[in-house]
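I opened my notebook to look up a few things in this structure. Here are my entries, in the order I made them.

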Amino acid sequence: MVAVMSIWLITLVLAASLTSSPAVEPQQEKAHHTREGFRNPWPGFQRHGFLDFLKWQWQRLRGRSPQKPKTYDMKWVENDGRALKGHRQSLVITWVGHATAVVQIDGHTILTDPIWSERCSPVSWAGPKRYVPPFPRLEDLPPIDAVVISHNHYDHLDRDTIRKLGNGPIYFVALGVKRWLRRWGIREENIVELDWWQRHELNGLTFVCVPSQHFSGRSLNDTNRDLWCGWAILGPTRRVYFAGDTGYFPEFVEIGRRFGPFDVALLPIGAYLPRWFMRPVHMNTAEAAQAFLDVGARYFLAIHWGTFDLADEPLDAPPRALMRAADSLGIEREQLVVMMHGETRVFSEKPARAKED
Ligand SMILES: [Zn+2]
């Protein structure tokens, strides 16, 4: 275990020395821009550094973190993708696992944070491994119109998956992330890079890059050099909010005020323990339930759980905790969409918002 950890660290350091290209030009008038990159501008945000990460890993090694089962009775659907081809007109969402979903909205097919790889890691032989296989398989998907990326962490921005998707889709990314896609062969004209609150229209769909409270980095020397975000996807009849990876922060209300109500909010519910380390960057289920009320959506679709083991809570714990949190905030059970991996759900109700602004 220690040997694996040290090889892991050496790899990160080596990767660090290979990736020092110039950062995005800072725009000092924006509170989330800094000279070196970006920051979370909200009062009370406390950043944890690499030493805190080591402290957490040390606590894990010393057995001070709760013991977890080695296996889980996780069920999944071996979705062959056929159902996705028949529903181009309504709102249909398939959860592949972690933060990866296939969102079919107003005739368009969009992927969120696509990762089909076996591990989320800079190397293929080490790092967190998936517990559940990804369905539908990449080759069984209908043509992908767009991909939205929340940030550059390995479990959200996966090189091998991006290479396989290639130059078919248009990629929506936050400031700084474009350089990774360019490096992996994605053409300039296929990438839309935006700052928070900026928007871009594509064939009648509007993509808005919205704030999130998180951080970024793919090695030890590029912390927060690229921006992180969520996405509001606004169609002529349907609206979806993809929160990406985020701690609880004050701007959920503003996202809802500007673009809600949403038909579906895809919100992260996993990787919340230990709280002292995770709170700034990952919501627990009580916070996710509150975020759902803040943004205003008809359905809460739970993501970022049950796929990669990234934190101290058992992999299958978040949905149960979410039910309790939702009950205590008066959220109806029918509003919670906790899917099996690979499951497709058709949202056939009337649109949440009657007309465009
Ligand atoms: Zn992340």
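**Entry 1: a pair of strands**

How many bridges join strand 8 to strand 9, and in which sense do these strands run? I was looking at a predicted model throughout. I found five bridges between strand 8, residues 205-210, and strand 9, residues 230-234. The two strands run antiparallel. Within this pair, I saw valine 208 standing opposite alanine 232 of strand 9. I also noted that helix 6, residues 252-259, packs on the sheet here and touches strand 8, strand 9 and strand 10 (239-242). The direction of helix 6 makes about 15° with that of strand 9.

A reminder to myself: strands of a sheet pair through backbone hydrogen bonds, either parallel or antiparallel.

Seven strands form it, in the order 7-8-9-10-11-12-13. The sheet is open and its pairing is mixed. Why is one side of strand 7 and of strand 13 left without a neighbour in the sheet? Strand 7 (199-202) and strand 13 (336-337) stand at the edges, and each has a single partner strand, so one side of each has no neighbour there.

Glutamate 201 stands opposite threonine 206 in strand 8. The two strands form a hairpin with two residues between them. I checked the turn and found that asparagine 203 has a positive phi of about 45°.

**Entry 2: two helices**

Two packed helices are described by the angle between their axes and the distance between the axes. I looked up both for helix 6 and helix 8 (residues 285-295): their axes come within 7 Å and cross at roughly 30°. Angles under 35 degrees count as roughly parallel, and therefore helix 6 and helix 8 are roughly parallel to each other. Their crossing is right-handed. Which residues meet there? I listed Phe252, Val253, Ile255 and Gly256 on helix 6, and Ala291, Asp294 and Val295 on helix 8.

**Entry 3: a β-α-β unit**

Then I turned to strand 5 (residues 170-174) and strand 6 (residues 191-194), which pair in the parallel sense over four bridges. Phenylalanine 172 stands opposite valine 192 in strand 6. Together with helix 5, residues 178-183, these two strands make a right-handed β-α-β unit.

**Entry 4: two residues**

Is aspartate 263 buried or exposed? I found aspartate 263 in strand 11, residues 262-268. It has 23 C-beta neighbours inside 10 Å, so aspartate 263 counts as buried. Leaving out residues up to four places away in sequence, aspartate 263 touches several others, including Leu91, Arg238, Tyr299 and Phe347. Lysine 350 is 87 residues from aspartate 263 along the chain, and their C-alpha atoms are separated by 9.0 Å.

Arginine 345 lies in strand 14, residues 344-347. Arginine 345 is partly exposed, with 15 other C-beta atoms within 10 Å. Beyond its neighbours within four places in sequence, arginine 345 is in contact with Ile93, Val337 and Met339. Threonine 94 is 251 residues away from arginine 345 in sequence, yet their C-alpha atoms are 6.2 Å apart in space.

**Entry 5: the chain as a whole**

I ended with the totals. The protein chain has nine helices and 14 strands. Of its 357 residues, 46% are buried. Among contacts between residues at least 6 apart in sequence, 69% join residues at least 24 apart.

Conventions. Residues are numbered from 1 along each chain as its sequence is written. This is a predicted model: local features need pLDDT of at least 70, side-chain atom pairs count only at pLDDT 80 or more; totals for chains, interfaces and linings use all residues. Two strands pair if DSSP finds at least two bridges between them. Two residues are in contact if their C-beta atoms, placed from the backbone, lie within 7 Å. Axes are lines fitted to C-alpha atoms, for helices over the stretch in contact, and angles run from 0 to 180 degrees between N-to-C directions. A crossover is right-handed if, with the strands pointing away from the viewer, the path from the first strand over the helix to the second runs clockwise. A residue is buried if 20 or more other C-beta atoms lie within 10 Å of its own, exposed if 12 or fewer, and partly exposed in between; C-beta atoms are placed from the backbone. Angles under 35 degrees count as roughly parallel, over 145 as roughly antiparallel, 65 to 115 as roughly perpendicular and the rest as oblique. A crossing is left-handed if the near helix is turned anticlockwise from the far one by less than a right angle, and right-handed if clockwise.
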